[in-house]
Amino acid sequence: MNAASSSNAVPEGASPKGAGPATQAVRRLADRPAYAAPPQPVIQPLPRHSAAVGGLVPFSTVDWPGQLAAVVFISGCPWRCHYCHNTELQTRAARYDWREVRAFLETRKGLLDAVVFSGGEPLSEPRLPAMIRDVKRMGYRVGLHTAGIYPLRLADVLRHLDWVGMDIKADAKGYDDITGRRDSQRPALACLTQLLSAGADFECRITWHPDWLDEARLLALARELARRGVRRFAVQAARSGPCTPAARALSTAAQAELRQAFQEFAYR
């Protein structure tokens, strides 16, 4: 069943007796919830037990390749990656009311394919399993962006996820320098093992700059990921801001080798 079919009394494409296509379109619009505008940040502080929703992108074509998605950002992350573009989401805070976000997503059923939970680190949110269930009940596919910080929490929600974007920060030598935390590679590798063991649909990606990880180390890391069974890999060129040019380009030879190593490779 697609998401649109759950909100219409008549199956999509069928016409009730005496009703033409124009009548059907009016009925579908009338049956939609009136709450259509994206919610705004709250003015009054939310209760302490509220989900830490830190932001919302109503429509994205890039956060889950091949899917039209809304992106829900969760505030809170224990790592302090020095290149982070979402530093305002590192500290836990509820800036949006999840009930309003949920009501907005109800109005987008049939228009969007999926909802992606991003961050911050979305697995830092204790209420994430319930939020995922809310979204699944609406008929959406569910994606997750994670750095692999909480293996037990990933295990709790993995069976409910349709896709995962897994951040790989560096090789073993460079992980803690990127994250600012000791022993940070260990939970990330545990999460990667879960994804591989479950046969999940996922992509590994790395934000890359040669000052952090030269091409030789990047290629060695990629070969190890491919050896472990990773099929989709992306290199995201480091930028000083989301819309600025890449600081340094990955060589054509390195890109060619990475395309050979993986079933799917992207350089962004």
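Tutor: Buried means under 20% relative accessible area, exposed over 50%, and partly exposed in between (1.4 Å probe, protein chains only). This is a predicted model, in which local features need pLDDT of at least 70, side-chain atom pairs count only at pLDDT 80 or more, and totals for chains, interfaces and linings use all residues. Residues are numbered from 1 along each chain as its sequence is written, and side-chain values use heavy atoms, with hydrogens and water left out.

Student: Which residues of α7 are exposed?
Tutor: A216 and R227 are exposed. Helices (H or I, at least four residues) and strands (E, at least two) are DSSP runs, numbered from the N terminus.

Student: And which ones are buried in α7?
Tutor: L218, L219, L221, A222 and L225 are buried. Seen down the axis of α7, these buried residues fall within an arc of 160 degrees (taken from the directions from the helix axis to the C-beta atoms), so they line one face of the helix.

Student: What covers them?
Tutor: The cover includes α6 (185–198), β6 (202–208), β7 (232–237) and α8 (252–261).

Student: New topic: where is D63?
Tutor: D63 lies in the loop between β1 (53–60) and β2 (69–74).

Student: Which side chain does the side chain of D63 make a polar contact with?
Tutor: That of S60, at 2.5 Å. A polar contact is a pair of N or O atoms within 3.5 Å; within protein, one must be able to donate a hydrogen and the other to accept it, and residues adjacent in sequence count only if both atoms are side-chain atoms.

Definitions and conventions. Contact = heavy atoms within 4.5 Å.
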